[in-house]
Structures are given as C-alpha cells and as structure tokens.
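This report is meant to be read with the sequence and the coordinates side by side. Please keep both open while going through the sections.

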Amino acid sequence: MFFIFGDSLFDAGNNIYLDGKYSPAAYYPFGFTYFTNATGRLCDGRIVPDFIAQFANLPPIPPSLQPGATISYGVNFASAGATVLDSYPGQSLKYLNLRKQLSQFKEVTRKLNATLGSSRTREVLSKAVYLFSIGGDDYGDYYSNLAEEGRSPTWSEQQQQVNAVISNLTRALTEIYEQGARKIAFQNVGPMGCVPQFQINYPNLSWSCAPELLSMPILHNKELYGALTDFAERLEGFKFSVFDYFSSLLDRIDHPSDYGFESGSTPCYVSNDNGYKGLGSDKSGNTKLCEYPAAYLFFDVYGHTTQHANQQLAKLIWDGDPSITRPYNMKELFEENN
C-alpha cells in the first residue's frame, strides 16, 4: 500500500471536496495536459505521487475525501495549504493540516482492522510506504505574516519556527510509527524564496530570492534528516528516504535549459480567476496560458511544477542515487520485505 501526506504539491483533489469553489484546481486549465477535466491537482497534468504509483505498478492513489474511493492500494491525504503547525493568522480553514491528515490515517487504520483484523493490518501497514511533502507553507505563511508587519524574521525567530515545525512533525511520525508504519519517504522543503509568488508579491526583492525563505528551508531540511536518522537508530524496523527537492528544484530554476526547460522562473499559467487574486497576471489582470507547458518548470505562480517537471522529480525520488535521494530511494523501500 502507498500512503501520501502533504500540501498542494501532492494534493490529488482533496480540496475540491472541502470547497470546490475555493480550489483553483477545480477549473481549467489545471489538469488539461493529461486529464479530460480538472481533478484538483495544482498542475497541468500528473503530480509526483501519480508517477511514483506508476513506477510501483499501482493505480493512481485516490484522495482521502473522494466519495466511494477504494483504499485497496492506499490513500492520498494531502491537501493544498496544509501545514505541520495548526494555523496562522489569515490562513484559510479550507484544507487538511497534518493533524487532520493523521486523524484520517487513523480512521483508515480502524477500517482495515475491522476488515482484516489487527494482526494482518499491522503486517500490511508495516509493508506500506509513506510519502510526505509538507512544511513549505509553514515557512511561506510565517514569512508573509511578518512581511505584513513590515519586517522579516530574525535568525533567532527563524530557528524557533523551524524547531516548532520539526517538533510537531516528529510527534506525528511517532504516531504513524505506532500505528505500524516502518518505511517513510520525504520530499524535503524546496527553495520557497525563489518561486514566482514571492518575487511578484515583494518587489523590494528586485526579482531575487527571498533569503529568509531559503535559510528556513535549509535549516528545516538539515533538522529533518537528523530527526529521521535518530528514528532509524532508535526505532526497530524504521527505514527512511529523503529526496533533496531543495537542490533539485533550485538547479532547475538556475539552469532550466540543462533539464529541457525554456524557463525556470516564469510560470506557464497566470490568472486573475478562480481565487488566484491576480497574482502572476499581467498589469491589466488578464489570464495567460502558455502553449507548451512542458517547456516550463512552473505551471503557476505558486511554485507548482508542470507535469514534465514532476516526472523528472519523481524519477529522482524513485531511483535517484545517494547524492540526491538517501539513504534509501523509494524503489528500495517498496522492494524491502515485499
């Protein structure tokens, strides 16, 4: 089985079921490259978990809120806007944060117990693979709230924020381990300060990256790897994989042509519609959609990557070498004890 936790990078449609009108991914052109209609994925087509499922010979894993969805192969709990911490001022309530995702996972565990019995459920959950991509919105929201006050976080404040996020994340991982999980994979936090959204919102940056939204993810990723290493040393059977999304995405931003992209910073789609509040649209607020999404790293201004980019990233998660995905890759986790 394959379980997915995370934010908008991994959301396969949960936010549509929370509030379809709120989710921009409920509308064209999201999904148009691959699907016949918008599915709730913040992408022109497939997202990273879709490709991982394909590599593992599994069908696409359904969102947890999809009515009537089977849980035979796994569940995707990810939700656009999700954070590790519970809430931030001004943050929308139309999402599933990590605490709510964990609650849903426990409900799935109860259903499996009722169907399979506790012993078989424990075995199934121990062989399953769990993929996470979460934490970026904790830093993006924190930075934006302080920017509204006219300031940036001090180094001490950045450390405090990272410590709070990692502390809550490790508590959640402990609970998942106690439910039976043993094989955990992470896509670490990306270079938040370099996505188009922050360059557009904060013109004082002069189109450079927001430094605090690089330093917090860097510290987060270091602390995350250390915490997972500690888990592997202390907890019986615990194995993990961390994909260096930060470096992989930043290299594509800086050197797009090396990876087959024409642009590593300009998004394919910019719109004033569907809740996007004009971010990324031109001065008249007009919608713009590129002709060839595969030529772009980003599909929209919020740093959601195109299907073409997602396929590249998923391949690195799946069987990347230890310089980019370590100490195990996801292929090795799926093959372990199966």
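Predicted model: local features only at pLDDT ≥ 70, side-chain atom pairs only at ≥ 80, totals over all residues.

Residues are numbered from 1 along each chain as its sequence is written, and side-chain values use heavy atoms, with hydrogens and water left out.

## Two helices

Helices (H or I, at least four residues) and strands (E, at least two) are DSSP runs, numbered from the N terminus. The expected span of a helix is 1.5 Å times one less than its number of residues, and the table sets this beside the computed reach for two helices.

| Helix | Residues in helix | First to last C-alpha | Expected span |
|---|---|---|---|
| α5 | 13 residues | 19 Å | 18 Å |
| α6 | 25 residues | 36 Å | 36 Å |

A residue is called buried under 20% relative accessible area, exposed over 50%, and partly exposed in between, using a 1.4 Å probe and protein chains only. Because ten of the 13 residues of α5 are buried, α5 is largely enclosed by the rest of the structure. The buried set in α5 includes Asp137 and Asp138 as well as the tyrosines Tyr139, Tyr142 and Tyr143. Which helices do the buried residues of α5 pack against? They pack against α6 (155-179), α7 (196-201) and α8 (212-234), where contact means heavy atoms within 4.5 Å.

In α6 the buried residues include Gln158, Gln161, Val162, Val165, Ile166, Leu169, Ala172, Leu173 and Ile176. An α-helix has 3.6 residues a turn, so residues three or four places apart point the same way. Gln160, which also has its place in α6, is by contrast exposed, with a relative accessible area of 52%. The C-alpha atoms of Gln160 and Thr109 are separated by 33 Å, at 51 residues apart along the chain.

Thr121 belongs to helix α4 (residues 118-127) and, with 2% relative accessibility, counts as buried. A polar atom of its side chain lies 3.0 Å from the backbone oxygen of Leu112; a polar contact is a pair of N or O atoms within 3.5 Å, and within protein one must be able to donate a hydrogen and the other to accept it, with residues adjacent in sequence counting only if both atoms are side-chain atoms. Leaving aside residues up to four places away in sequence, Thr121 touches Thr109, Leu112, Asn113 and Leu116.

Asn97 sits in the loop between β2 and α3 (98-116) and is buried, with a relative accessible area of 2%. Its side chain places a polar atom 3.3 Å from the backbone oxygen of Asp86. Beyond residues up to four places away in sequence, Asn97 touches Ala82, Thr83, Leu85 and Asp86.

Pro63 lies in the loop between α2 (48-55) and β2 (74-76) and is likewise buried, with a relative accessible area of 6%. Its contacts, not counting residues up to four places away in sequence, are Ala12, Gly13, Asn14, Tyr17, Ala69 and Asn76.

## Backbone details

Most residues other than glycine have a negative phi, and most peptide bonds are trans. The peptide bond from Tyr28 to Pro29 is cis, with omega near 10°, and Pro29 has its place in the loop between α1 (14-19) and α2. A cis peptide bond also joins Arg326 and Pro327, with omega about -10°; Pro327 lies in strand β8 (residues 325-327).

Asn57, a residue other than glycine, has a positive phi near 60°. Asn57 is found in the loop between α2 and β2 and is exposed, with a relative accessible area of 71%. Among the glycines, Gly150 follows α5 with a positive phi near 85°, and Gly180 follows α6 with a positive phi near 130°.
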